[in-house]
Amino acid sequence: MKKLLILTLLTLPLYTNAKDSLDLMCPKYISEKDYISAFKACKKEAKNNNPYAQREMGNMYYEGKTVPVNYKKAFEWYKKAARQGSADAMYNLAVCYANGQGTTKSYRMAYNWYESAALKGHIDAQYRLGAMSALGQGVDKDFNTARDWYTKAAEQGHFKAARILSAMYYKGDEIPKDEAQAVKWAEAAANYGDDGQMYLLTAYYFAGGKGMEANHEKAFKYFTLAEKKGESKATVPLGIMHQKGQGTPKDLNKAAEYFQKAINSKNLEPVIMLSRVYEEKTDYETAMQWLLISYQFLKDKQIYELKDYHTELEKKLTQKQMESARQKAKLWVTEYKEK
């Protein structure tokens, strides 16, 4: 607490120029990515105690823009800006302490400066505090504190923080298990990051997976988003939902399309499902074709369990249709194995 008070006192503003920094040349050149002009302008304004310019001087030395990388000079400029209350500079200063760049490595000092930035609402600093609290870097390991900082960051839209919160609440190893919170933050992370894997995880939650209560409309929504992001594991569930009319109107044609798409990607799981779809569409010959194809990939016990389905399906076919189904199935399997 004493160290935090000292840091707070050190962040009292020194810059008293009445002109807003946006009226100065440093931010103009930075926004235009004209770093040669920016370096000259920022240096002049930084010497007049403009915290924005001081931080940008730190960035240019840290990233080597127009000047060689010099972590020591970057650290000094970040420190000047941080002491004037720049949350971004506080964050940068913390990074320097955490990595030992331009100063002696110190997780404790890194934590203190991340905390100063976080209390000003700096989202990345809040996330870093969550990580450091969980790892015990700079402070004693404390998962409740980690959860609280991750929550602050996640509430501001931090993708990784929301994803970690979801996992923490679902596992219940470090904080009390809370399935509702796990789903809430998985859904938030999916939307924050426009991330296929998180869309998929969220969809499984809402589909009733992992012991959660089913919400088919949301499950369909997130399986669709995941599939659009290239997550192949969403394809079969979408076929099933179209087939059963879960979360979307029943549509056997779309169900067949999704199952076929999965099969074309060498996922043989939905072969028998595709047969069932065609049987429901009363296209019995095609249903038999896919049933016969499934025999090439199923175990003996699974084939035996389909005996009654095979018998009922065969009753609906003429001898000519049955032979056609056999030939088509044989051709498909041959072509599949040659791929």
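User: How are two packed helices described, and at what angle do α15 and α16 pack?

Analyst: Two packed helices are described by the angle between their axes together with the distance between those axes. In this predicted model, helix α15, covering residues 252-264, packs against helix α16, covering residues 271-280, at an angle of about 155 degrees, and their axes are 9 Å apart. Because an angle over 145 degrees counts as roughly antiparallel, α15 is roughly antiparallel to α16. The crossing of these two helices is left-handed.

User: Which residues make the contact between α15 and α16?

Analyst: From α15 the contact uses Leu252, Ala255, Ala256, Phe259, Gln260 and Ile263, while α16 contributes Val271, Met273, Leu274, Val277, Tyr278 and Glu280. Sorted by class, this contact of α15 with α16 has ten nonpolar residues, one polar and one charged.

User: How many aromatic pairs does the structure hold, and what is the geometry of the pair formed by Phe75 and Tyr97?

Analyst: An aromatic pair is read from the distance between ring centres and the angle between ring planes, with planes over 60 degrees apart counting as edge-to-face. The structure holds 14 aromatic pairs. In the pair formed by Phe75 and Tyr97, the distance is 5.2 Å centre to centre and the planes are at 85 degrees, an edge-to-face arrangement. This pair links distant parts of the chain, since Phe75 lies in helix α5 (residues 71-82) and Tyr97 in helix α6 (residues 87-99), 22 residues apart. Both Phe75 and Tyr97 are buried.

User: Which residues do ring pairs link into a cluster?

Analyst: Ring pairs link Trp290, Phe297, Trp332 and Tyr336 into a cluster.

User: Where is Ala89 placed, and what is Ala89 in contact with, leaving aside its neighbours within four places in sequence?

Analyst: Ala89 belongs to helix α6 and has a relative accessible area of 0%, so Ala89 is buried. Leaving aside neighbours within four places in sequence, Ala89 is in contact with Arg55, Tyr78, Ala81 and Ala82. The C-alpha atoms of Ala89 and Tyr52 are separated by 8.6 Å, although these residues are 37 residues apart along the chain.

How values were computed. Residues numbered from 1 in each chain as written. Predicted model: local features only at pLDDT ≥ 70, side-chain atom pairs only at ≥ 80, totals over all residues. Heavy atoms only, no water. Axes fitted to C-alpha atoms, helices over the stretch in contact; angles between N-to-C directions. Helix = DSSP H or I, 4+ residues; strand = E, 2+ residues; numbered from the N terminus. Parallel < 35°, antiparallel > 145°, perpendicular 65-115°, else oblique. Left-handed = near helix turned anticlockwise from the far one by under 90°. Contact = heavy atoms within 4.5 Å. Nonpolar A, V, L, I, M, F, W, Y, C, P; charged D, E, K, R; others polar. Phe/Tyr/Trp six-rings, centres within 6.5 Å; stacked < 30°, edge-to-face > 60°. Buried < 20%, exposed > 50% of the residue type's maximum accessible area, 1.4 Å probe, protein only.
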